[in-house]
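I opened my notebook and decided to look up a few things, one entry at a time. Come along and check them with me.

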Amino acid sequence: MCGAHAAVRHLIGGILEDRQHVTIIDMEAGVEHLSRGTGRHVDTLLVTLEPYYKALETSRRCAELGRELNIPHVLGIGNKVRDAADAEAVQGFAAAHGIPLIGSIPFDDAVRRADLAGTPLVDAPANAAVFEIDRLAGFLLAN
Amino acid sequence: MRIAIAGKGGTGKTTIAGTLARLMARRGREVWAIDADSNPNLAVTLGVPRDTHADLTPVPRSILQTDPADADGKRKILSVPASDVVQRFGHSAPDNVKLLLMGRVDHAGAG
């Protein structure tokens with residue numbers, strides 16, 4: 001066990017002891033952090049499902065690990081969904097691997113523009129991506 | 001509620017995490033956002049003022065202490081309550097979101 005990782009895990013674990021607040025963790029890419037147990041203290045694991053093979057495979061492994069760690073809710077969110085074929089690919093993959101899909105964020109040029117400018121997407125003019133993430137926020141808080 | 005967002009790099013984890021944090025805060029919740037990525041950029045998506053980015057420091061490891069309840073002495077716990085950690089080391093983002101940075105991790109020999 002790498003000491004730095006262990007310290008981060010202990011820090012996150014300690015902060016997550018507080019259950020009065022909503023805590024959202026932007027995890028390191030991939031699955032390694034989960035297998036080290038960083039995800040042990042969360043109650044909800046959201047895995048991104050972007051419609052291309054390697055991304056979906058990584059998400060499938062994240063979801064499997066999340067379930068092995070007994071995270072109560074392991075949920076999928078489609079992202080960068082451009083058309084009906086993308087939506088079908090994400091839905092089909094989620095269904096095939098038992099990942100409840102709670103939403104799909106459409107591909108939106110506002111995301112690219114915000115990334116380019118280094119500005120928050122949420123502060124961009126009304127756009128479909130933020131609309132869907134807001135719906136997801138309401139869903140997660142209600143459930 | 002404690003939510004982690006995972007997936008392959010480049011699939012929008014940070015965008016979703018930051019946007020979700022802001023929108024949940026607008027719905028009246030107190031939100032803490034933790035950047036656990038070794039290449040942290042959640043501050044940008046949250047809208048932490050850019051002129052403060054150079055001053056964004058991670059939560060220091062020094063607030064960990066050995067858990068007295070652990071016979072092996074390996075388990076570490078916070079030496080102060082989590083809310084104190086956020087108050088002292090959290091960075092302010094719009095909609096009253098607090099950002100905590102876990103710091104870059106040295107990957108040499110990791111795992």
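What percentage of the 111 residues in chain B are buried? I found that 45% of them are buried, where buried asks for 20 or more other C-beta atoms within 10 Å of a residue's own, exposed for 12 or fewer, and partly exposed lies in between, with C-beta atoms placed from the backbone.

**Ground rules.** I noted that this is a predicted model, where local features need pLDDT of at least 70 and side-chain atom pairs count only at pLDDT 80 or more, while totals for chains, interfaces and linings use all residues. Residues are numbered from 1 along each chain as its sequence is written, and chains are lettered from A and ligands numbered from 1 in the order in which they are written.

**Chain B.** I looked up 3 helices and 6 strands in chain B; helices are DSSP runs of H or I with at least four residues, strands are runs of E with at least two, and both are numbered from the N terminus. Their order from the N terminus is β-α-β-α-β-β-α-β-β. The C-alpha trace of chain B spans about 45 × 30 × 30 Å along its principal axes.

**Helix α4(A).** I checked the length of α4 (residues 84–96) of chain A: its 13 residues should span 18 Å at 1.5 Å a residue, and the end C-alpha atoms are 18 Å apart, which agrees. The expected span is 1.5 Å times one less than the number of residues. Val90(A), Phe93(A) and Ala94(A) are the buried residues of α4(A). They cover an arc of only 100° around the axis, so they sit on the same side of α4(A); the arc is that of the directions from the helix axis to the C-beta atoms. On the other side of α4(A) I found exposed residues, including Glu88(A) and Gly92(A). After α4(A) comes Gly98(A), with a positive phi near 65°.

**Where the chains meet.** I read that 58 residues of chain A are in contact with 55 residues of chain B, contact being C-beta atoms, placed from the backbone, within 7 Å. On chain A's side, α1(A) gives the most, with 10 residues.

**A helix pair.** Last, I looked at α6 (residues 128–142) of chain A and α1 (residues 13–26) of chain B, whose axes come within 9 Å and cross at roughly 65°. Axes are lines fitted to C-alpha atoms, for helices over the stretch in contact, and angles run from 0 to 180 degrees between N-to-C directions.

Definitions and conventions. Contact = placed C-beta atoms within 7 Å.
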